[in-house]
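Dear colleague,

Please find below the structure that I am handing over to you. My findings follow directly after it.

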Amino acid sequence: MLAKRKKAALLGAAALLMGTCAAGISAQAAEPVKIGMITTLSTGAGYLGDDMRKGFELAISEHDGKLGGADIDLIVEDDGLKPESARQIATRMMESEHVDLMTGIIFSNVAMAVVPKVVRDGMIYISTNAGPSALAGAKCNANYFNAAYQNDNIHEAMGQYVQDQGFKKVYLLAPNYPAGKDALAGFKRYYKGDIADEVYTKLGQTDYAAEIASLRAAKPDAVFFFYPGGMGINFIKQYAQAGLKDEIPLFGPAFSADEHLVDAVGEAAVGMKNTSHWSPDMDNAASKKFVAGYFAKYGAKPSLYSVQGYDAANLIGSAISAVGGDMSKKDDFRAALKKADFSSVRGNFKFGNNNHPIQDFYVREVVADPDGGYTNKLVGKVFSNHVDAYASECKM
């Protein structure tokens, strides 16, 4: 009888121990994954970061506040388009908030102030927009993943398209910061005609009267420009007001023809061609679900920034699922990110050796939206499974 009691006691103790361990594992699994999002929510470019954040949050809401089965603690801060502010926020997020990973930066000058340091310090960073060439080539890092594009890519596609259309002399404009220089470098990589001029303007500039006068005098047969956000709104309006819309065709990247921008510009944007890795009329199930879900949640059309936030969140979710929510398994988490095992709204999506996407690029045209306002429609494909120009410089 005594032996039976001892056996029962031992079994009870074992059960208690197992229950305690299970409770500990459960508590550990219940620990939310902390994601630090630094993005631009103010200034004339604030809607870009807001769109990106909304896309990211849509993915979380579709999974009842989780990604990959884990609760998500999303910490969002505005960088105000100031590199030093972003650097300070990043330091605070790592040292005080103890985030598990970081994301969200829109502008490349801000990214260059933040990303190299945080990835050197062991933080995993997933870009939802900025893709400076420096981080795609020799300065690539195993902790840095870009879920959007490499800066040159979309402009490369337009360089190829303008070349294919037979334009002989093109005038180029972009803001004077890393993404602006990457933009024009990308365009020139595939366009082989004459460059009438290559003009870099102040980041955030709103008045382009002098540039438009110089452009008119140069007599190009086409113009390629890269002006995201408020810069693009002002430039396109002033270009049309100067009477050049029907005289010299205007070409740009998707960033200069996003859904908010073309609505703000209105009729002046109609007919403008732009290149992108996504369009709201993409014919795949993931994109259709995303567009419908975004409109239902926010009452607005999604932009490319929304897409990139949404895809980045689902990419992160796939990696969280692979490690069972245990963010201490950094090597496994990185390996899972690299697999890109999620349904991208863009269709084809995989990572190259430098952790930048290999994907398709299209040309779109701005049109009047039957439901009101303006939108983009697909015109054709320019590149399939396009690899960025700096991948060969990356030693990973």
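In this predicted model, domain 1 and domain 2 bury about 1,800 Å² between them, 62% of it on carbon and sulfur atoms. Buried area here is the accessible area (1.4 Å probe) that two parts lose on being put together, summed over both. Tyr47, Tyr149 and Lys301 supply 32% of the area that domain 1 buries against domain 2, more than any other three residues.

The domain assignment gives domain 1 as 22-149 + 283-351 and domain 2 as 152-276 + 361-392; such bounds come from an automatic or database assignment. The centres of the two domains, taken over C-alpha atoms, are separated by 27 Å. In contact across the interface (heavy atoms within 4.5 Å) are 22 residues of domain 1 and 29 residues of domain 2.

Two salt bridges are counted between the domains, a salt bridge being a side-chain nitrogen of Lys or Arg within 4 Å of a carboxyl oxygen of Asp or Glu. Lys301 forms a salt bridge with Asp369, with the closest N and O atoms 3.8 Å apart. On the side of domain 1 that touches domain 2, the elements giving two or more residues are helix 2 (46-62), helix 4 (108-120), helix 5 (133-136) and helix 12 (304-322). Helix 2 provides the largest share of that side, three residues. Helices (H or I, at least four residues) and strands (E, at least two) are DSSP runs, numbered from the N terminus.

Helix 12 also holds Asp311. Asp311 is buried, with a relative accessible area of 0%; buried means under 20%, exposed over 50% and partly exposed in between (1.4 Å probe, protein chains only). Beyond its neighbours within four places in sequence, Asp311 is in contact with Phe342, Ser343, Ser344, Val345 and Arg346.

In helix 8 (residues 209-218), the buried residues are Glu211, Ile212 and Leu215. Seen down the helix axis, they fall within an arc of 95°, so they line one face of helix 8; the arc is that of the directions from the axis to the C-beta atoms. These buried residues pack against strand 7 (169-175), strand 8 (194-201), strand 9 (222-225) and helix 9 (229-241). Ala210 and Ala217, on the other side of helix 8, are exposed. Just after helix 8, Lys219 takes a positive phi of about 50°.

Residues are numbered from 1 along each chain as its sequence is written, and side-chain values use heavy atoms, with hydrogens and water left out. Local features need pLDDT of at least 70 and side-chain atom pairs count only at pLDDT 80 or more, whereas totals for chains, interfaces and linings use all residues.

Yours sincerely
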